Amino acid sequence: LNGAALGQGGEDIQKELNELKQMMEKMQKRIDDLEEKNRALEQQAQERDEDVVVKEETVTVPVTPSQQQDQSFLGKVVQSMNPEISVVALITPAWYSLNDPVVFAHNDPENTGVNMQEIEVGFQSVVDPYFRFDSFLSFSIEGVELEEAYGTTLFSMPLNSQLKIGRARAKFGRINQIHRHAQNFVTLPIVVAEFLGEHLNPTSVEASFLVPVPWYLELSASGGSPDVETPTFARSPDANNLGNLLYIFHMSNFFEAGESLGVSLGASYATGSNASGPDERSNLYGVDFFAKYRPLKNNPYQEVSLQSEFMWRQAETPEETLEDYGFYAEAMYRFAKRWNTGLRFDFTDTRTPIHEEHDDHDHEHEEEEEDHGHVHDDVLGLLGRAYRISPMLTFNPTEFSRIRLQYDYLNQDYGPNQHAIFLQFQY
């Protein structure tokens, strides 16, 4: 019985082996068929490519070396005449609680209604391996202003230095180097408007140096004509005196406190004539701080930033030396891809007010305010103490447009308090 069982098992095993062999032969045949089809498809594709190449060669016109040189020269000419062109507009409906609102900066919304703050047109280009040129024109209802027009060196210079020649926003503080459309709020901080005006942009020669230290440290110095209308500096009656020119010095530091946190610290000093007398001058000191936290790994659309500047001014006049100071601090929070919000507090004060306090000072202040509330265009000293609180909400549909809602509360000891609401559109 055992022998019979073993014989039967051997026959079953042999049968299964034959079936496996047949299956393997069928699979090998299918593989051979697929490889043959693949070779045929490759051959057809190669024939099509050769046919296309032949057709292209039949219609291609040979280009001589001289023609290639002419095309290259023409391309360079076209490129040099085609700079990067940008147009940015700020249109702001506004409401003020006062009939004659207090407006500190030139491009702030002037009154209740729809205000055209600014249309900025920019032309920027690298013109050759040695220089880059940037120009910005600012259009408003009142006219056109040459905001910036300067050239920057691109070639290697000793001590990691760079030269900038022309009319440019001076490296004083932080916000003065930022154009209006790139700032975080509708209105300019009071201290900046009181000391620098809409912007401090003299025509000058500026030299910048990168100091070889473990962190980023830049030193810059500039000298030029005080040909700008600012509350602090103006052209001296003794225009030939080199000491009456406007000189500006700036130091900027940047530290990486981690993968998600960066901190910037800066200090500035400017000195020049204030036009109150032949030899009277103003000295302006400033410190600035900026920090940004952005966790790119965890949430790339979340961002928190802090920015602040403090300024102190000494202004000589034939009667006395005026001393003023002020600061602003703003906090920004980006909580979604297209949304951010912020809060700003700005403050100014003077140790030597130009008007004595009396019972009817509010009435006198209202009589002195003209030109849509631009209150400090013709004086060096501040009228007194003022502070402003400004919450803001911004929606960015794309990188080319922006909608911003802002509320301002202005408290001043030389006039009535003021409320304002702005809805700014930017493209």
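A residue counts as buried when its relative accessible area is under 20%. This cut-off applies to each of the following views of the predicted model.

**Figure 1. Overview of the predicted protein fold.** The protein comprises four helices and 16 strands. Of its 427 residues, 38% count as buried. The accessible surface amounts to about 24,700 Å², with 58% belonging to carbon and sulfur atoms. Across the whole structure, 13 salt bridges are found.

**Figure 2. Salt bridge between Glu147 and Arg169.** Glu147 belongs to strand S4 (residues 143-153) and Arg169 to the loop between strand S5 (161-167) and helix H3 (190-196), so the pair ties together parts 22 residues apart in sequence. Glu147 has a relative accessible area of 1% and is therefore buried; Arg169, at 6%, also counts as buried.

**Figure 3. Salt bridge between Glu206 and Lys171.** The N to O distance is 3.6 Å. Glu206 lies in strand S6 (residues 203-210) and Lys171 in the loop between S5 and H3, so that distant parts of the chain, 35 residues apart, are linked. Glu206 is buried at 8% relative accessible area, and Lys171 is buried at 13%.

**Figure 4. Salt bridge between Asp408 and Arg388.** The closest N and O atoms are 3.9 Å apart. Asp408 in strand S15 (residues 401-412) and Arg388 in strand S14 (residues 386-398) are 20 residues apart. Asp408, with 5% relative accessibility, counts as buried because this value falls under 20%; Arg388 is likewise buried, at 5%. Both residues belong to a network of salt bridges that also includes Arg344 and Asp346.

How values were computed:
Residues are numbered from 1 along each chain as its sequence is written. This is a predicted model: local features need pLDDT of at least 70, side-chain atom pairs count only at pLDDT 80 or more; totals for chains, interfaces and linings use all residues. Side-chain values use heavy atoms; hydrogens and water are left out. Helices (H or I, at least four residues) and strands (E, at least two) are DSSP runs, numbered from the N terminus. Buried means under 20% relative accessible area, exposed over 50%, partly exposed in between (1.4 Å probe, protein chains only). Accessible areas come from the Shrake-Rupley method with a 1.4 Å probe; for residues, only the protein chains shown count as cover. A salt bridge is a side-chain nitrogen of Lys or Arg within 4 Å of a carboxyl oxygen of Asp or Glu.
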